[in-house]
Number of protein chains: 4
Amino acid sequence: MISVALVGFGYWGPNLFRVFSSHLSFDVKTVVDLDENKLKLVKKRHPNVKFSQDLKDVIDDKDIDAVVIATPVNSHYSIALKALNAGKHVLVEKPLCSNSEQVEELVAVAKQKNLILMVDHPFLFTGAMQKIKEIIAKNDLGTLFSYDSTRVSLGLFREDANVLWDLAPHDFSIINYLFNEKPLHIEASGFAHVNPELPDITSLTLYFASHKTAHIYLSWMSPVKIRRIAIGGDKKMLIWDDLDRDQKIRVYDSGITFQPSESREIIIPDYRIGDIHSPKISNQEALYAVATHFEQVIKGKEKSIMDGNEGLKVLRMLEQAQSSLDESLLKSRKLREQYKKEVEYV
Amino acid sequence: MISVALVGFGYWGPNLFRVFSSHLSFDVKTVVDLDENKLKLVKKRHPNVKFSQDLKDVIDDKDIDAVVIATPVNSHYSIALKALNAGKHVLVEKPLCSNSEQVEELVAVAKQKNLILMVDHPFLFTGAMQKIKEIIAKNDLGTLFSYDSTRVSLGLFREDANVLWDLAPHDFSIINYLFNEKPLHIEASGFAHVNPELPDITSLTLYFASHKTAHIYLSWMSPVKIRRIAIGGDKKMLIWDDLDRDQKIRVYDSGITFQPSESREIIIPDYRIGDIHSPKISNQEALYAVATHFEQVIKGKEKSIMDGNEGLKVLRMLEQAQSSLDESLLKSRKLREQYKKEVEYV
Amino acid sequence: MISVALVGFGYWGPNLFRVFSSHLSFDVKTVVDLDENKLKLVKKRHPNVKFSQDLKDVIDDKDIDAVVIATPVNSHYSIALKALNAGKHVLVEKPLCSNSEQVEELVAVAKQKNLILMVDHPFLFTGAMQKIKEIIAKNDLGTLFSYDSTRVSLGLFREDANVLWDLAPHDFSIINYLFNEKPLHIEASGFAHVNPELPDITSLTLYFASHKTAHIYLSWMSPVKIRRIAIGGDKKMLIWDDLDRDQKIRVYDSGITFQPSESREIIIPDYRIGDIHSPKISNQEALYAVATHFEQVIKGKEKSIMDGNEGLKVLRMLEQAQSSLDESLLKSRKLREQYKKEVEYV
Amino acid sequence: MISVALVGFGYWGPNLFRVFSSHLSFDVKTVVDLDENKLKLVKKRHPNVKFSQDLKDVIDDKDIDAVVIATPVNSHYSIALKALNAGKHVLVEKPLCSNSEQVEELVAVAKQKNLILMVDHPFLFTGAMQKIKEIIAKNDLGTLFSYDSTRVSLGLFREDANVLWDLAPHDFSIINYLFNEKPLHIEASGFAHVNPELPDITSLTLYFASHKTAHIYLSWMSPVKIRRIAIGGDKKMLIWDDLDRDQKIRVYDSGITFQPSESREIIIPDYRIGDIHSPKISNQEALYAVATHFEQVIKGKEKSIMDGNEGLKVLRMLEQAQSSLDESLLKSRKLREQYKKEVEYV
């Protein structure tokens, strides 16, 4: 049994608590949150768990092997650093830190102390994602050329991240996992409707050296929830609709091929519309699989697919996208001010 | 009866022929296409219609009141100009011309000769669009803030237009119709997977002075067809799914309101998830309504909602978007070349 | 070219006219309907077709090879008989006649005169049905055990048939086509909400000697339209949803197997939930395929899959079902009357 | 706090345990199951709960106020009787008992001892059902005339009930709740594909004195899960699709009205296809609401909507349906045997 502490019992913490509590390889010893009220209800029902408002109860406890961190993003770095320095393995909610320098330091400390540093990207552990990885590994889709993700819903507004930092880590970690290629460039545009400081809609375009491309649309302002990713290959195409009860994955035996033609002016693409196949996928809870992976990596039985270095890649992509987003927002603000002046002048 | 000629009998021409033939106010006198084979089958069944390969049979025919043009885009200008100069009203497939200068000239000629110049934007005449216009006019949605369109399918690749020029006119004409506001700025990115000269995926972001924003995703490379537009207002939100048989429009009594808070650091948005309402919409064919509108405008009974000036606005938006798209494509090409050199150097 | 006449231009007639007019092997020479108004519009556009109110213009015309009948059911028999006696092939809308004696006579006359007598069961000619037949022929589903059909919508109320006679011919012809087995027994129950003489909802249960079973639910009183058939086999199961745009057929690699168990009291069924596969299906119009089949059968190139004998089987099933339905309606009426008396007595 | 014991920890028991454990008004003191293995895992995590294999630990415990019974159907009666005789309130899984005599006795005992006897019909407590009740109470649908339910999925085969006794209690309790009228007559047909003794598909037709009618189709043999109820009224119609994430209820402003006509032979029904409205529904867990209702009824604050008398009504309907089903199965068996003999004879 790995003795684990959970730090942060806000939005995601209760899920982590439920999963680690019911996992046969973990024993949740301590739960920490600054807000006593959040702990009240759960406290009564779990007399064997220690609930505390003080992080020291985790850091100083020699019996705790690992720390799971689900606090606001800006506190991830300091808590993770303290935990690593105290010799504990660490699993952190995404995004791993507020900037890549912090991640670099955590990675270095973890390496030096021979500890596991992992970031929780649960989508990588869904049955759907595992099946997609398998399909791509068998080369069923052929050469991949496009990734198109729509990840929208109404809220939930976070206090500690804009829509880019909240939702893009999902797509960035999936892209890295499937494409295994760093984007050359990320273009972002976006809007802040509710809070001027916090963009709530963002559109991203990623370019890759291999001619792959990705488009990601993220929004907290959609009346319906969509979690849909389309992956294009030159043999087949695939759609993952995470909210479809019966057919989360559809593989389309459809494609477009460029037919060489004598006349340069005429394009003769070959459209192929064929069968649709929905493979059966495992319905194990993703978060439970994350916990199992954490356990296996700690025990040295698996190589982590979402370790600190993976978290670092995602963070650098976030920074690249944020920089482009800032530019785009600045430009649009200037254009609005200029337009206002012109209108006033008239 | 308005005597009409149809020029161009390729992809869209047969639809125009069917609709104008069955319309009680029009009489299709002549059909012109360069390719004799295309006319063969239809010829036999319509002994009262003249089929020709020569445009002169239309231009020189004094009995023809109006010309409907459905040829490749680069021939629109010269055919329309000839028809207007011969004193005929003109209805042109979108996009109206290859550039805005051409449109300006056509608009000027039509005005001078007191003729009707119209561009066919059929989506404006769907029952759904008319219902949406009505909903917005009643202020049911409140102040509009966002437009998000996904317009994707597998092909059809056109020889005479890239995906932007093929599909964006739909969204641009709808945005102009609903927002009645010129965008300050359009950002475009895109990719050309099949033919390097012809982008087949494009993502657009439009900024407006009024803080409205629009995102449009266009693709010829999707295994499934999607025709879906979401419109956000501060009172309600609306989704138009053109492929939904039973509920083309859904109005969501849902929204997000920014709650003022004493502490500047805490955002308390108010999420409201309420009823969903699908109004009954007329199922008259849009193209038939376009023909009726053309008739009413010719007879001076209606003011055109898609005249030359509307066509000009759409064309300027296309040019603005194309210029941003060129920049983005150029940038990504340079980055790829640079990457290639670095790799080779190593 | 087969010269054909169309008798009846009401609800379905215009579809038959459109299809036979555009079919390369048929020439529609004459259209007959008692109501002159129905013919007015179409008359003007088809100067080469003769429109008449008198059946004699068809029967006496030696140049007409075949007659297509789309009049109310109770007139099918006499029109078909006249046409056959005049030496013409006949295609009749379903249901073929008002009773099986009439069908027997038509079959006998057609046989004696060596003419083709066919009944229009268009569902047999959909791309979906052809694909299902192919799947079953390859034994992909294993031994079939169940058929479950839901065929409901709002109206259209017919004057010449109740919901059983209007909709059940579709399912009966499909069952005969796929099962190739006569039901031992048909149980029917139903209700007449709008017109007391004309049941508008019916539920049918069919028993077969081979342990196959069928359930059919037909309604004119449903706010939504459903055209959905589930076919169960001991290897796989299949669902045909005729209104699904992208996946009309889904084959489920799912099933239930009875596991023999030592204890007689414990059942251990083996549930298998596997992949879902949607084969590509041809999207040729079913009615066009019916016309082609009619042509091929007339020319002796194909054996009819919906000839008079098939029509006779369907009619006998209708009569069997109607008799059970009458019993059920009578019983429920008596129970209502009895209840009324009891209540009044009290 | 009401001290409660749970008897039966098989398929449904763990859900009841989770809900009553987390309910603020209940304290789960004891859990009983004959199979020690089922209790092992949960035992470790709930040190404050007593786990036992002996019902006496519940019956003899004076501190236990109420007993929740989730054992196989044939044991419901004796456990409930013991609990009532020991002065405890009782909540029993549906169906309440194996026959109506048992229920009558339990009802009598509960009444005499002034104890609460309730049967768990969770669908009555879904947000959807509560909303439908509200819609009908406001007379939005007008006079109700039909109920059509499809309740199918793959398995789960029960050892203690056929598909009728497993699934029909849901529909029967809903019909009683909404129609508040006893059916005059129930017709049932069905098939037993997997186990000859246990029908796995059943079709039911219910007749009512008020001309209402109901059709229910139940199956354990469908590759897809459907939980769909259509309710027809003469003003509006309603569909409850329990598996629809976003629109569990759709109210159709559609209907059919019989237009009186001069000619008796012509029916002119008026089809009205109008708006579709999906009211927001509460997403509180139904089982939690059942627990709260149990609490409120025990405390005398609410009148039970699913007390012993309601359970008795449902049981009598089950017996009526079973008797018709037996007849139908017997008839079909005889027809098969007769057919077999005829075939052998030939």
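Predicted model: local features only at pLDDT ≥ 70, side-chain atom pairs only at ≥ 80, totals over all residues.
Which parts of chain D do the buried residues of H6(D) pack against? They pack against strand S7 (144–154), H7, strand S11 (221–233), strand S12 (237–241) and strand S13 (249–252) of chain D.

## Helix H6 of chain D

Helix H6 of chain D covers residues 127–137. Its buried residues are D:Gly127, D:Ala128, D:Met129, D:Lys131, D:Ile132, D:Ile135 and D:Ile136. An α-helix has 3.6 residues a turn, so residues three or four places apart point the same way. Just after H6(D) comes D:Asn139, which takes a positive phi of about 65°.

## A buried histidine in H7

One of the elements that H6(D) packs against is H7. Helix H7 of chain D spans residues 163–179 and contains D:His170. Is D:His170 buried or exposed? With a relative accessibility of 10%, D:His170 counts as buried, because the cut-off for that class is under 20%. Leaving aside residues up to four places away in sequence, D:His170 touches D:Lys94, D:Phe123 and D:Arg151.

## The contact between chains A and B

The size of an interface is often given as the accessible area lost when the parts come together. For chain B and chain A, about 4,900 Å² is buried between them, and 72% of it is on carbon and sulfur atoms. On the side of chain B that touches chain A there are 32 nonpolar, 17 polar and 9 charged residues. The contact involves 58 residues from chain B and 59 residues from chain A.

How many salt bridges are found across the interface of chain B and chain A? The number is 0. Polar contacts do occur across this interface, with 17 residue pairs, both at pLDDT 80 or more.

## How the two copies are related

Two copies of a chain are related by a rotation about an axis and a shift along it. Chain B is laid on chain A by a turn of 180° and a shift of 0.0 Å along the axis, with an RMSD of 0.0 Å. The two copies are thus related as by a two-fold rotation axis. In chain B, the C-alpha of B:Ser203 is the nearest to the axis, at 4.1 Å.

Of the interface residues of chain B, 100% are also interface residues in chain A, so the copies meet through the same surface.

## The contact between chains C and D

Chain C contributes 58 residues to its contact with chain D, and chain D contributes 56 residues. The area buried between chain C and chain D is about 4,900 Å², with carbon and sulfur atoms giving 72% of it. By class, the side of chain C that touches chain D is made up of 32 nonpolar, 17 polar and 9 charged residues.

Between chain C and chain D the count is 0 salt bridges. There are 17 residue pairs in polar contact, both at pLDDT 80 or more.

## Salt bridges

Side chains of opposite charge can pair when their charged atoms come close. Over all chains the count comes to 56 salt bridges. In one of them, the side chains of B:Lys29 and B:Asp63 meet at 3.7 Å, N to O. B:Lys29 lies in strand S2 (residues 26–32) and B:Asp63 in the loop between helix H3 (56–59) and strand S4 (66–69) of chain B, so the pair ties together parts that are 34 residues apart in sequence. B:Lys29 is partly exposed at 28% relative accessibility, whereas B:Asp63 is exposed at 52%.

In chain C, C:Lys29 forms a salt bridge with C:Asp61, and their closest N and O atoms are 2.7 Å apart. C:Lys29 belongs to strand S2 and C:Asp61 to the loop between helix H3 and strand S4 of chain C, so this pair joins parts that are 32 residues apart in sequence. C:Asp61 is buried, at 15% relative accessible area, while C:Lys29 is partly exposed, at 27%.

A further salt bridge links D:Arg18 and D:Glu285 (3.0 Å, N to O). D:Arg18 lies in helix H1 (residues 13–22) and D:Glu285 in the loop between strand S16 (276–278) and helix H8 (286–298) of chain D, so the pair ties together parts that are 267 residues apart in sequence. D:Arg18 is partly exposed at 42%, and D:Glu285 is partly exposed at 32%. In chain A, salt bridges that share partners join A:Lys29, A:Asp61 and A:Asp63 into one network.

Conventions:
Residues numbered from 1 in each chain as written. Chains lettered and ligands numbered in written order. Heavy atoms only, no water. Contact = heavy atoms within 4.5 Å. Buried area = accessible area lost by both parts, 1.4 Å probe. Salt bridge = Lys/Arg side-chain N within 4 Å of Asp/Glu carboxyl O. Polar contact = N/O pair within 3.5 Å; in protein donor to acceptor, adjacent residues only side chain to side chain. Nonpolar A, V, L, I, M, F, W, Y, C, P; charged D, E, K, R; others polar. Least-squares fit on C-alpha atoms with pLDDT ≥ 70 in both. Helix = DSSP H or I, 4+ residues; strand = E, 2+ residues; numbered from the N terminus. Buried < 20%, exposed > 50% of the residue type's maximum accessible area, 1.4 Å probe, protein only.
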